[in-house]
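Subject: the helical model, handed over

Hi,

Here is the structure I said I'd pass on.

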Amino acid sequence: MAPNHSQRSKTLLDRSSKPMDGMNDFERQLQEFFAEVKSMLKLGNKDDAITLLQANYEAVKEQIDAGVKDMEQAAILDIIALGYMGLGDFVLVESLLDMMNEIVCSVKNSEPLLDSLLMHMGSMYTALGKFDNAMLVYRRGLEILENLYGKDSPFLVIPLLGIGKVFGAIGRATKAVEIYKRALNILETSRGADSEDVVLPLFNLGNLLIKEGRASDAEIYFKRISSIYMKIYGEHDGRVGMAMCSLAHALCAKGNVDEAISSYRNGLKVIKDSKYMALDDDIMEKMRIDLAELLHVAGRENEGRELLEECLLVSEKYEGNEHPSTVTHLLNLATSYSRSKNFVEAERLLRTSLRIITKSMGPEDPSITIPMLHLAITLYHMKQFEEAEYLALEAVHIREEAFGKESLPVGEALDCLVSIQTRIGTDDSKILMLLKRVLSIQEKELGYESEDAMITLKKVVFYLDKLGRKDEKLPLQRRLSMYRTKHKQSVRW
């Protein structure tokens, strides 16, 4: 008879009085526990996973409340926290990390399992955006491993990559590059320059350098990744295709758009032909959309639309016709057709997406306002102003109910409404009132000197002048002039 959840949690906690004697067995039980949780989540059995995690949590909490706070309790909390990370319950994860932190702060660095537990904590803290906490646990883990294995051991790579990621996240790119290069140097020395192990730090360096505007340096790293994979697996392996897609990002950042498109196309073909990734995989879908966007930027709209249509067909094949997942692709296609001034086809696609999402989410859900506003803009271009105004007003109402009257989503919908009402000749004073409302929202949400606020301010000044309200116009005009002067100076510097 299989043990129930409470029996399982007892198995994890009912340990020998000599911890080291059974540590290998305990590690095995932890691995089995985590594997079972992952299996449940993969199969979609969330309720069973929650029941199992909760049973273990209650058991370990009982021991902690009784004053038993050692590495075994921390290790079980670690697996429970990782499980809840998979469930997306970040509030509970943060609470579990607090409990773990209290325990690990009081244990010695010589405790078994501590280094790996600290790595897990660092990863979870990073995912939660708690970078100070992540840095502390990663540094302690690094110190433990340096003392055990020396400063040039491959065991240091995991904490180094974690520290590099934190530095990158908090904007300290120079320090992040330094840390990644140390990890890379360790692996090159111990495993060889063409080892697959060096790919991860190379990849992290490449992505970071693209963000920092150093695309040429990033290109070198991604070409090296591609070369390593080709040597190990051959040029038709899916990993080579992934590297070529990453290289395309660097080439695009350099401004080599045609070369980037070629690299992206070849990479996607290798991935598809090798069946390295399922056609409906989220990563595969994102890469197709990214390439489609790049093709549009290059003025190759027809090729871009072919990819967007492929995304739609794949979604319909795996999820079914008129599944909510198709809405994104319908919107992307509609946007593409709008760029090409084919508003009739854009309208058809937008009405389809609006019908699907309304049926799925309900007529008051704020998600329906995305296709609703797109359709309003398309109808505006088709000179169907009455329906366009109705849809924009409806979107404003739904977003006010969902997000509040002074929220940025409401400001975006109002901006759309202003454009439509301006075209149909709505009274200038009403337009001005709406513009002032949009400006107030943008100043609060985006900043007093944000670009969007300045564009709206320019419109407010125009309507104040048109209405002859010079007393109101002058201070706003001075503000606009000061912004322009300041902006010119900053560009000059």
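Lys42 sits in helix 2, which covers residues 23–42. With a relative accessible area of 78%, Lys42 is exposed. I also checked how Lys42 relates to Gly447: 405 residues separate the two in sequence, and from C-alpha to C-alpha they are 43 Å apart in space. Bear in mind throughout that this is a predicted model.

Now for the chain as a whole. Its secondary structure comes to 23 helices and zero strands. The C-alpha trace spans about 85 × 55 × 55 Å along its principal axes. Of the 493 residues in the chain, 43% are buried. I looked at contacts with a separation of 6 or more too, and 57% of those in the chain are between residues 24 or more positions apart.

There is one record entry to mention.

On to helix packing. As you know, a pair of packed helices is described by the angle between the axes and the distance between them.

Helix 10 and helix 11

These are residues 199–211 and residues 215–233, and they pack at an angle of about 155 degrees with their axes 8 Å apart. An angle over 145 degrees counts as roughly antiparallel, so that is how helix 10 and helix 11 run relative to each other. Their crossing is left-handed. On the helix 10 side the contact is made by Val199, Leu202, Phe203, Leu205, Gly206, Asn207, Leu209 and Ile210, while helix 11 brings in Ala215, Asp217, Ala218, Tyr221, Phe222, Arg224, Ile225, Ile228 and Tyr229. By class, the residues of this contact divide into 13 nonpolar, two polar and two charged.

Helix 11 also holds Glu219. Is Glu219 buried or exposed? Its relative accessibility is 9%, so Glu219 counts as buried. Leaving aside neighbours within four places in sequence, Glu219 is in contact with Leu247, Ala250, Leu251 and Lys254. Glu219 and Ser110 are 109 residues apart in sequence, and their C-alpha atoms are 42 Å apart in space.

Helix 16 and helix 18

Helix 16 is residues 327–339, and its axis comes within 11 Å of that of helix 18, the two crossing at roughly 15 degrees. Angles under 35 degrees count as roughly parallel, so helix 16 and helix 18 fall into that class. Here the crossing is left-handed. Leu331, Thr335 and Ser338 of helix 16 make the contact with Ile370, Pro371, His374 and Thr378 of helix 18. That contact divides into three nonpolar, four polar and no charged residues.

Helix 3 and helix 5

For helix 3 (residues 46–65) and helix 5, the axes come within 13 Å and cross at roughly 40 degrees. Helix 3 and helix 5 are therefore oblique to each other. The crossing of this pair is left-handed. Tyr57, Lys61 and Ile64 in helix 3 meet Leu96, Met99 and Ile103 in helix 5. The class count for the contact of helix 3 with helix 5 is five nonpolar, no polar and one charged.

Last, a couple of backbone details in the loops. Leu113 has a phi near 75 degrees, a positive value in a residue other than glycine. You'll find Leu113 in the loop between helix 5 (90–104) and helix 6 (114–127). Leu113 counts as buried because its relative accessibility is 13%.

Lys383 is another residue other than glycine with a positive phi, this one near 65 degrees. Lys383 is placed in the loop between helix 18 (369–381) and helix 19 (385–403). At 57% relative accessibility, Lys383 counts as exposed.

Cheers

Key. Residues are numbered from 1 along each chain as its sequence is written. This is a predicted model: local features need pLDDT of at least 70, side-chain atom pairs count only at pLDDT 80 or more; totals for chains, interfaces and linings use all residues. Side-chain values use heavy atoms; hydrogens and water are left out. Axes are lines fitted to C-alpha atoms, for helices over the stretch in contact, and angles run from 0 to 180 degrees between N-to-C directions. Helices (H or I, at least four residues) and strands (E, at least two) are DSSP runs, numbered from the N terminus. Angles under 35 degrees count as roughly parallel, over 145 as roughly antiparallel, 65 to 115 as roughly perpendicular and the rest as oblique. A crossing is left-handed if the near helix is turned anticlockwise from the far one by less than a right angle, and right-handed if clockwise. Contact means heavy atoms within 4.5 Å. Ala, Val, Leu, Ile, Met, Phe, Trp, Tyr, Cys and Pro count as nonpolar, Asp, Glu, Lys and Arg as charged, and the others, Gly among them, as polar. Buried means under 20% relative accessible area, exposed over 50%, partly exposed in between (1.4 Å probe, protein chains only).
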